[in-house]
Amino acid sequence: MDEITRDVVIVGAGAAGLTAANELRRAGLSVAVLEARDRVGGRLWTDVVDGAMLEVGGQWVSPDQDALKETLADLGLETYSRYREGDSVYIGRHGERTRFTGEIFPVAPETEKEIVRLIAVLDELVAQVDPDRPWEHPDAEELDRVSFEAWLEQQTEDQEARDNIALFIAGAMLTKPAYAFSALQALLMAASAGSFSHLVDADFILDERVVGGLQQVPLLLAERLGDDVFLEQPVNTVQRGEGGVTVVTDGGLTVRARFVILAHAPVLYPWIDFQPPLPRLKQQMHQHISMGFVIKVHAVYDRPFWREQGLSGTAFSPYEISHEAYDNTNHGDERGTLVGFVSDRNADDLFRVSAEERKARILESLSHYFGPEAKEPLVYFESDWGAEEWTRGAYAASFDLGGLARYGADLRTPVGPIHFACSDMAGAGYQHVDGAIRMGRLAAANIVSEVRA
Ligand SMILES: Cc1cc2nc3c(=O)[nH]c(=O)nc-3n(C[C@H](O)[C@H](O)[C@H](O)COP(=O)(O)OP(=O)(O)OC[C@H]3O[C@@H](n4cnc5c(N)ncnc54)[C@H](O)[C@@H]3O)c2cc1C
């Protein structure tokens with residue numbers, strides 16, 4: 001049994017935990033980062049599969065993500081634009097495939113009118129929401145009682161308009177069905193990205209990637225910490241008492257510290273034995289937070305064949321198994337990569353069939369957008385975060401109906417020496433790496449000011 005002492009112990013070597021650790025070090029405090037896995041990065045994982053470099057987890061950077069952009073600059077990482085030349089593809093309610101440019105899907109004129117109107121309604125509402133405090137909106141409780149699906153039904157009778165608007169938040173972001181989260185939760189998601197229009201604009205929200213992969217962020221942050229990052233150390237106990245905390249891992253390490261930061265998905269708190277238990281409000285709250293679920297699908301071809309047809313690789317349909325797809329070709333790679341996403345109920349359904357059938361159905365869906373060549377990739381890979389013990393879903397966590405207004409204000413409140421930091425509790429940058437960095441900075445700043453008080 002090894003025992004060490006630090007000012008702050010951080011549980012989780014994802015973007016949030018490693019940011020916090022570096023900030024604390026800079027402020028002159030000693031740290032230890034305990035990571036359950038045998039690698040750092042958490043939901044950032046750049047891996048090589050059958051010779052292809054794949055972003056198994058997070059990858060895109062958007063222009064408003066200042067915290068992430070500052071970190072990329074600080075680490076000397078370069079970015080490049082997602083390929084977007086040519087037409088996008090939309091598949092409508094009755095399976096009709098249409099090529100289009102711009103942001104609004106090629107739908108019937110009256111549906112288009114409704115989509116444009118709903119975007120404006122949502123933008124106006126979102127502008128009233130402070131992403132860091134959505135529960136302070138004057139109608140927060142009311143908006144949190146109604147599912148996003150029911151709210152959309154109140155707004156329009158046009159099914160295809162509703163399906164498309166829902167897609168931007170449900171399938172594409174929270175990765176839960178639109179009946180499973182509230183209108184307030186939907187507004188938070190949009191406010192965290194600046195506006196609802198930003199979510200509609202793939203060229204904004206999925207603007208750039210990092211040369212060599214986004215996992216370099218946690219890898220380089222961890223490098224700066226050297227021996228203070230401990231891998232394969234799942235924390236099982238957090239004991240708090242006079243003068244701080246004692247944190248124990250399955251790997252046989254005990255860390256005594258003044259503070260602990262839990263820097264992982266909130267759905268994993270129950271895995272830890274808190275002595276004494278967390279206050280009842282936290283215990284209750286944590287039961288109302290759950291992970292979304294999405295399969296990120298990578299298909300690598302000998303060349304980006306869709307470009308030859310004048311297609312950008314960008315494709316959407318609320319009616320397809322893969323509800324969105326993009327050209328995900330790596331920087332400087334002559335091969336072509338498509339990435340597709342299969343969300344919530346579609347993902348559930350596909351995990352009930354064999355791996356071969358799942359692959360066949362997903363590639364069939366991609367072929368609806370890009371033609372039969374899409375069915376013959378050289379490399380095929382499904383990121384399955386639902387099967388990962390230390391994440392348990394993707395992309396991130398959100399509240400069930402009513403949870404955000406009821407508990408949101410306490411989400412980030414420390415419990416004595418226990419602080420919390422994760423992308424899943426961010427305002428700006430919520431569910432994104434940018435939010436993880438912001439939360440890491442915030443937890444570190446709160447500890448530093450407590451120490452200096
Ligand atoms: C498929 C996918 C695609 C995504 N795409 C994007 C994107 O394009 N752009 C974007 O900005 N974001 C994207 N995201 C979201 C982004 O990756 C996450 O929001 C962010 O990386 C979360 O960082 P974090 O540090 O808060 O948590 P995590 O990355 O989850 O890190 C938490 C760490 O804690 C560890 N841990 C958990 N429990 C314990 C324990 N008991 N003891 C010790 N260690 C523990 C975990 O192993 C993990 O390493 C995506 C996510 C996924 C899964």
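This is a predicted model: local features need pLDDT of at least 70, side-chain atom pairs count only at pLDDT 80 or more; totals for chains, interfaces and linings use all residues.
Strand β1, which covers residues 2–11, runs parallel to β2 and is joined to it by four bridges.

## The largest pocket

The largest pocket has a volume of about 430 Å³, and 22 residues line it, those nearest its centre being Asp 163, Ala 166, Ala 178, Pro 318 and Arg 345. Three helices, α5 (148–155), α6 (159–174) and α13 (344–350), each contribute at least two residues to this lining, and α6 gives the most, with seven residues.

For the second largest pocket the volume is about 200 Å³. Its lining is made up of 15 residues, and the closest to the centre are Ser 88, Gly 102, Glu 103, Asp 203 and Thr 314.

Helix α9 (202–205) and strand β16 (311–316) each supply at least two residues of the lining of this second largest pocket, with the largest share, three residues, coming from β16. By type, the lining of the second largest pocket holds five nonpolar, six polar and four charged residues.

## Enclosed cavities

A search of the whole structure finds five cavities of 30 Å³ or more. The second largest cavity contains about 100 Å³ of space, and among the 18 residues that line it, Phe 399, Leu 411, Asp 424, Met 425 and Tyr 430 lie nearest its centre.

Helix α7 (183–192) and strand β20 (397–399) each provide at least two residues of the lining of the second largest cavity, and β20 gives the most, with three residues. The lining of this cavity comprises 13 nonpolar, two polar and three charged residues.

## Aromatic pairs

How many aromatic pairs does the structure hold? There are 21 aromatic pairs in the structure. In one of them, the ring centres of Phe 100 and Phe 105 are 5.7 Å apart and the ring planes stand at 75°, so this pair is edge-to-face; both Phe 100 and Phe 105 are buried. The rings of Phe 305 and Trp 306 also form an edge-to-face pair, because their centres are 5.0 Å apart and their planes lie at 80°. Phe 305 counts as buried because its relative accessibility is 1%, and Trp 306 is likewise buried, since its relative accessible area is 0%.

Ring pairs also link a set of residues into a cluster, whose members are Trp 60, Tyr 90, Phe 100, Phe 105, Phe 168, Phe 196, Phe 316, Tyr 326, Phe 341 and Tyr 395.

Key. Residues are numbered from 1 along each chain as its sequence is written. Side-chain values use heavy atoms; hydrogens and water are left out. On a 1 Å grid over the protein atoms alone, a cavity is a set of points where a 1.4 Å probe fits but cannot get out, and a pocket is an open set with protein on both sides within 12 Å along at least five of seven lines; lining residues have an atom within 4 Å of a point. Grid points are joined across faces, edges and corners, and a volume is the space filled by probe spheres set on the points. Ala, Val, Leu, Ile, Met, Phe, Trp, Tyr, Cys and Pro count as nonpolar, Asp, Glu, Lys and Arg as charged, and the others, Gly among them, as polar. Two strands pair if DSSP finds at least two bridges between them. Rings of Phe, Tyr and Trp (its six-membered ring) pair if their centres lie within 6.5 Å; planes under 30 degrees apart count as stacked, over 60 as edge-to-face and the rest as tilted. Buried means under 20% relative accessible area, exposed over 50%, partly exposed in between (1.4 Å probe, protein chains only).
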